[in-house]
Structures are given as structure tokens and as C-alpha cells.
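Here is a friendly note to read alongside the structure. Please keep the viewer open and follow the points in order.

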Amino acid sequence: MTGADGMRRDVFTDDHEAFRGLVRELVAKEVVPHYGEWEKAGRVPRDFFTTLGSLGLLGMAVPERYGGGGRPDYRYNVVLQEEAAAALVTLGTVRTQLDVVLPYFLAYANEEQRERWFPGLASGRLLTAIAMTEPGTGSDLAGIRTTAVRDGDSYVLNGAKTFITGGLLADLVIVVARTASDPGDRRAGLTLLVVADGMPGFTRGRVLDKMGIKVQDTVELAFDDVRVPVADRLGEEGAAFRYLGHNLPQERMTVAVGSVAQARAALDTTIAYVKEREVFGSPVAAFQNTKFELAAVATEIEAAQALLDRAVLELVDGRLSGADAAKVKLFCTEAQARAVDRCLQLFGGYGYMLEYPIARLYADARITRIYAGTSEVMKVIIAKSLGL
Ligand SMILES: Cc1cc2nc3c(=O)[nH]c(=O)nc-3n(C[C@H](O)[C@H](O)[C@H](O)COP(=O)(O)OP(=O)(O)OC[C@H]3O[C@@H](n4cnc5c(N)ncnc54)[C@H](O)[C@@H]3O)c2cc1C
């Protein structure tokens, strides 16, 4: 116990805590020893997904009749991220699969698709990604230009996507494509198509070289006359914008959960460091500045955690609004940035060296204010809810 554990939380039940024990052991055994290699390779290997699948961790939310656990409870996903962060690792592609992509399949797959895809999703045999962003459009999703033109029993898909997490190994990619244009309503006419690995015309481009979150791949995807069967459309034609509006709040919450957990990990690792490192004959922890900085960081994390926990419970109850999810992402990611920066400062030059986890936490933190919607886009959403 570092003293950074904080106030009592009212989010988890005994079941979640038992799950936490299992995850902690798994992360220590199956992730931590390999993490450096995975970072160098720029990806989490496929067999880690099948390990997670065999332990039932990927299919918790999948109905039992398709090989899942039948327990759709977002708090298990929270535990997974918290335990990874506490061990100073991140599992971005796993998180994307579970928290971001799976909910689309669960909500919009028809019976035939459920039978076809759910067992593979639960077992870790099918890896997934979601492709919204294009070179020409990110924040403005209504500006998507990838087109899908109906031709008999297929759509013919053309376009390019970029920054796609997990795109390198994905067997199934949910692609947001334009099936119709309505000059009066830019949000109309977007459709979700599931593109499978190996479909002719579907290619992966560059694996992008990022400044942080090295363990997850981020790639470009191209679609050149890809024939996607109508049977692989997810949900109704033209309804994608509504589906995104429904699912993006959870994606944003997921980023916030990681932010707070990683800020806490930064605080813990910093507390340990400042007690050990001696400067001017005394530990860095002895300076009043160090105590004040870490006291301020701990307080901000506590505030972020309280907001986040409240929102997690609302999400689990199906009551979290898009604007509230935006507030939580904005606050938690900005708090993370401040916390990690202040912590790194206390490491002096060592904080700038990647062999110290604080340097990686700093680099990893930079993305959370950008992806899943930037801080500015969160403010736009919040302002709209204020009637502005
Ligand atoms: C590592 C990584 C992983 C990602 N993973 C995925 C993924 O798996 N799938 C996917 O589809 N996408 C993914 N993305 C894309 C990500 O969601 C976008 O990068 C993000 O939404 C911002 O879009 P953009 O990069 O096009 O920036 P732009 O939209 O070009 O924004 C540029 C600047 O303009 C600002 N801005 C935009 N609109 C407004 C406004 N109305 N008012 C004020 N300022 C504004 C932005 O805040 C930003 O500061 C990922 C990105 C990264 C970097």
C-alpha cells in the first residue's frame, strides 16, 4: 500500500473483486514478462487473445448460447484496464476489441451473424477493429467519403481509412461507409459493413510509427472494389451515425478509465522513486515541493475517480448521456496529462529515459486527449448540451 489507494469505491461487487484477482495473476504471468517484446514488435500476439478467450475474458458479455459468459457488465472491462495499468502495462488492442468493437456486434448483429461470429469473438479466434477515421476526416465523422454501392447481393466498397487500432491482425473490420448522400443531412446515409480478412481488394497499408502506446498497432486500410456481401452489413442501411452516437459514449468512458488508472500508476511509481532517490543528501520525497506536488496529484486523481465511478454506474444502468460521457473523458484525460507531467518532473533526467515507466506513461498519455474524439470535440458536445 502506497497511500495512493484513495477513498472507498462503490462500483464493484465481490464478483468483480474475484475477477480482479484472476486478472492480476494473469497480467503478472502472461503480460508483464513479455511486454517489452510486444512493444518492440508493436503488437499484442494473437495467442494472447486465445489465452484470454480460453479463460472466458473476451466473451464475458457474449450470450452463453454462443460460447460466452452471458454477463454484459462493463465493470469487468474496467477491472481489466485497472489491473493492466497497475502493473504498468496497457492492453490497447484487447481493450478496443472488448470495449469498443464488441458492443457493435452485440447490439446490431442479426441471428445468422451471431451464430457465425460470436463464438470466434468469445474464444479470441476472431480479432477485430473499427474503421471510422479517414485521411480527410476524423473529428467530423459525417464527412466520411468511403463509399459502398449496392450491387445485387453485395456492396462494392471503395476508400481509405487511417489510424486503425488493431487493424494489422484484425479478421473482421467494422467499416463505416457512405451508402447514400443527402445534402440536407450529412449524417444520413452511413452504414456499417463488416470486412473480413482476405476479401479481394482489402489491403493494409503502413503500420504507423507512434510516439507512445507502442504495444498496439495502428494502421492504414484500403478498400479497392471490395465486394462485401449484404449479409455482412451490421444493422440497418443508413443507420450508422445513430449507432455511433449510441456506442461512442462507452468508447470515451473506456479512454477515461485508462486515463485515471494510468495516472494512479504514475503516482504510485513516483512515490516509490522519490523515497529512494537522494539529492543534496536527502530523499527527493523530503522536499516540501515533492510532497505538495504529489498531494495535489493524488487529490486530482481522487476527483477524477469519483466522477468516473459515478459515470461507470450510470453507464452500467444504461443512463449515461453522450454529453456526460464527454465531460468525463475531457476531465479525466486532462487530469491524467497534468498528473503524469508533474510526476515525471520529480524523476529529473531519469524521467526522460524510456527505461523508467514514467517516460512511457507520459508518452502514452498524450493520445488520450486526441483519440475517441479530441478534447475540443468533447467541448463541442458538452456545449451543445448547454444549448450553445
Ligand atoms: C493512436 C490512434 C489510434 C486510433 N484508433 C482509431 C481506431 O481504431 N478507429 C478509428 O476510426 N479511428 C482511430 N483513431 C482516430 C482518432 O479518433 C482521430 O485521430 C481523432 O478523432 C481526431 O481526428 P483527426 O486526427 O482527423 O483530427 P482533426 O479532426 O483533423 O482535428 C485537428 C484539430 O482540430 C480540432 N477540431 C476539430 N473539430 C473542431 C471543432 N469543431 N472545434 C474546435 N476544434 C476542432 C481537433 O480537436 C484537433 O485539435 C486513432 C487515432 C490515433 C492517433
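1. Where does T368 lie? T368 sits in the loop that runs between helix 10 (357–365) and helix 11 (375–385). Helices here are DSSP runs of H or I with at least four residues, strands are runs of E with at least two, and both are numbered from the N terminus.

2. Before going further, a word on what you are looking at. This is a predicted model, in which local features need pLDDT of at least 70 and side-chain atom pairs count only at pLDDT 80 or more, while totals for chains, interfaces and linings use all residues. Residues are numbered from 1 along each chain as its sequence is written, and side-chain values use heavy atoms, with hydrogens and water left out.

3. Is T368 buried or exposed? T368 is buried, since its relative accessible area is 5%. Buried means under 20% relative accessible area, exposed means over 50%, and partly exposed lies in between, using a 1.4 Å probe and protein chains only. The side chain of T368 makes a polar contact with the side chain of Q336 at 2.7 Å, and the T368 side chain also reaches the backbone oxygen of A365 at 3.0 Å. A polar contact is a pair of N or O atoms within 3.5 Å; within protein, one must be able to donate a hydrogen and the other to accept it, and residues adjacent in sequence count only if both atoms are side-chain atoms. Neighbours within four places in sequence aside, T368 is in contact with V255, S259, K329, T333 and Q336, where contact means heavy atoms within 4.5 Å.

4. Now step back to the whole chain. Its secondary structure comes to 11 helices and 10 strands. Of the 388 residues, 54% count as buried. Take the contacts between residues at least 6 apart in sequence: 75% of them join residues at least 24 apart.

5. How does the chain's radius of gyration compare with that of a compact globule? A compact globule of 388 residues would have a value near 21 Å, and the chain has 21 Å, so the two agree. The radius is taken over C-alpha atoms, and the globule rule is 2.2 Å times the number of residues to the power 0.38. Along the principal axes, the C-alpha atoms fill a box of roughly 80 × 50 × 40 Å.

6. The chain exposes about 17,500 Å², with carbon and sulfur atoms supplying 54% of that area. Accessible areas come from the Shrake-Rupley method with a 1.4 Å probe, and for residues only the protein chains shown count as cover.

7. Please look next at the loop between strand 1 (128–131) and strand 2 (147–151), where T146 is found. T146 counts as buried because its relative accessibility is 2%. Its side chain makes a polar contact with the side chain of E134 at 2.7 Å. I144 is buried, with a relative accessible area of 1%. The C-alpha atoms of I144 and K161 are separated by 9.5 Å, and these residues are 17 apart along the chain. Residues up to four places away aside, I144 touches M132, E134, T137, K161, V176, A177, R178 and L190.

8. A326 lies in helix 9 (residues 322–345) and is buried, with a relative accessible area of 0%. Leaving out neighbours within four places in sequence, A326 is in contact with M378, I381 and I382. L80 is found in helix 4 (residues 74–86) and counts as buried at 8% relative accessibility.

9. F163, in strand 3 (residues 154–165), has a positive phi of about 60° although it is not a glycine. F163 is exposed, with a relative accessible area of 55%. D225, in strand 7 (residues 218–229), has a phi near 50°, a positive value in a residue other than glycine. D225 is partly exposed, at a relative accessible area of 48%.
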